[in-house]
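Here is a short report on one protein model. Look through the sequence and the structure, then read on.

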Amino acid sequence: MIRIRNILAQVFESRGRVRHYGYAFDAILVALILANVIAIVIESVPSVAKQHIGFFAYFELISVSIFTLEYLARLWASVDLERFENSTLSDTQRRLRYLCSPMAIIDLLAILPSLLVFFVSFDLRFLRVLRLLRIFKLTRYSRAMQLLLQTIREESGSLFAAFSIMAVILIVAASGIYLLEHDVQPDKFGSIPKAMWWALITLTTVGYGDVVPITGLGKVFGGIITILSMGMVAIPTGLLASSFSDQLRQRRDRYSETAYQLMEDGVICVDDREHLDELRVELGLSKQECAQIEQQVREKHPLKRFCPHCGHHLN
């Protein structure tokens, strides 16, 4: 059983000798998740849902069964995950730590709405919306999405500071427009909470036009807030763009460094190529991109070229 559990953990992480089965498993689950999202969207059409109620019911039952088995299997095999390889935690502690991980929580949210319907009476329309949470399972299989989440985590402090400043400006803008417009438009600017709608759409440069100042001072104040908002909205965007670019560069540098270390003897053996392929998938880099990086390593670094068997220099 321990051997099976270890193999299952390698399949889930797409590593080791069974990584090809892991790729296939991921592809099947991605297809199933996308099919679920499409089915949930189509099922929201009353005429289609009524006509194919049996199909949607069976498809939901099959899908939630597969997702539940996957969740339980991942929980069982979590003790052999690579992150716990050198850990001194017990099996129970490892499973508890896995249960608290973001990916495990997403997996649970994907099946929880359908399981709760057997115990609690739910509005089916509300249940349909909750089932759309399954789309977040794609974050497990999308390297780009994982890169974006990692970027947000690393810039969380800066983003919090930026949004805090925006929240202060939002309150100032709402308070200012309230003082200038509440006597003229009490139905739209009768209170600061009502004025926050105008402040929000102005600061985000959306400008629906459903609520606008009509006094001279209100228009001047609105223009100042609009100009100010252009710079404020760009702050979190710039932070994410800069950090995202740094993350990509770090991943390329890591692949380049590993490629140089493996190519130092001038020979790329089968094991080296497998290691580079695993690293490429882990970092979310394309084959073409990695080939360019390897070519740059060959051109920029004077690699040693010795025969790995006899030790003689290779021309």
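## A charge over a ring

The charged end of Arg74 sits over the ring of Phe12, at 4.5 Å from the ring centre. A charge counts as sitting over a ring if NZ of Lys or CZ of Arg is within 6 Å of the ring centre and within 35 degrees of the ring normal.

This is a predicted model: local features need pLDDT of at least 70, side-chain atom pairs count only at pLDDT 80 or more, and totals for chains, interfaces and linings use all residues. Residues are numbered from 1 along each chain as its sequence is written, and side-chain values use heavy atoms, with hydrogens and water left out.

## Overall build

The protein has 14 helices and zero strands. Helices (H or I, at least four residues) and strands (E, at least two) are DSSP runs, numbered from the N terminus.

Of the 315 residues in the protein, 34% are buried. Buried means under 20% relative accessible area, exposed means over 50%, and partly exposed lies in between (1.4 Å probe, protein chains only).

## Aromatic pairs

How many aromatic pairs does a search of the whole structure find? It finds five. Rings of Phe, Tyr and Trp (its six-membered ring) pair if their centres lie within 6.5 Å; planes under 30 degrees apart count as stacked, over 60 as edge-to-face and the rest as tilted. Phe55 and Phe59 form a stacked pair, with 6.0 Å from centre to centre and 15 degrees between the planes. These two residues are four apart in helix α4 (residues 53-77), so about one helical turn separates them. Phe55 is exposed, at 54% relative accessible area. Ring pairs also link Phe55, Phe56 and Phe59 into a cluster.

Trp197 and Tyr208 form another stacked pair: 5.9 Å centre to centre, with 10 degrees between the planes. Trp197 lies in helix α11 (residues 192-203), while Tyr208 is in the loop between α11 and α12 (216-262), so the pair ties together parts that are 11 residues apart in sequence. Trp197 is partly exposed, with a relative accessible area of 38%. Tyr208 is exposed, at 57%.

## The largest pocket

Rolling a probe the size of a water molecule over the atoms shows where empty space is left. The largest pocket has a volume of about 1300 Å³. Its lining has 36 residues, and the closest to the pocket centre are Glu13, Arg83, Arg143, Gln146 and Glu282. On a 1 Å grid over the protein atoms alone, a pocket is an open set of points where a 1.4 Å probe fits, with protein on both sides within 12 Å along at least five of seven lines; lining residues have an atom within 4 Å of a point. Grid points are joined across faces, edges and corners, and a volume is the space filled by probe spheres set on the points.

Which helix gives the largest share of the lining? That is α13, with eight residues. Helices that each supply at least two lining residues are α1 (2-13), α2 (19-43), α6 (102-116), α8 (143-154), α12 and α13 (270-283). The lining divides into 11 nonpolar, seven polar and 18 charged residues. Ala, Val, Leu, Ile, Met, Phe, Trp, Tyr, Cys and Pro count as nonpolar; Asp, Glu, Lys and Arg count as charged; the others, Gly among them, are polar.

## Cysteines

A search of the whole structure finds zero disulfides. A disulfide is a pair of cysteine sulfur atoms within 2.5 Å. Is Cys100 buried or exposed? Cys100 is exposed, with a relative accessible area of 61%. Cys290 is buried, at 2%.

## Contacts across the sequence

Leu75 is in helix α4. It is buried, at 19% relative accessibility. Leu75 and Ala104 are 29 residues apart along the chain, and their C-alpha atoms are separated by 8.3 Å.

Ser156 belongs to helix α9 (residues 156-181). It is partly exposed, at 40% relative accessibility. From Ser156 to Leu240 is 84 residues in sequence, but 9.8 Å in space, C-alpha to C-alpha.

Ala195 sits in helix α11. At 0% relative accessibility, it is buried. Ala195 and Tyr178 lie 17 residues apart in sequence and 6.0 Å apart in space, C-alpha to C-alpha.
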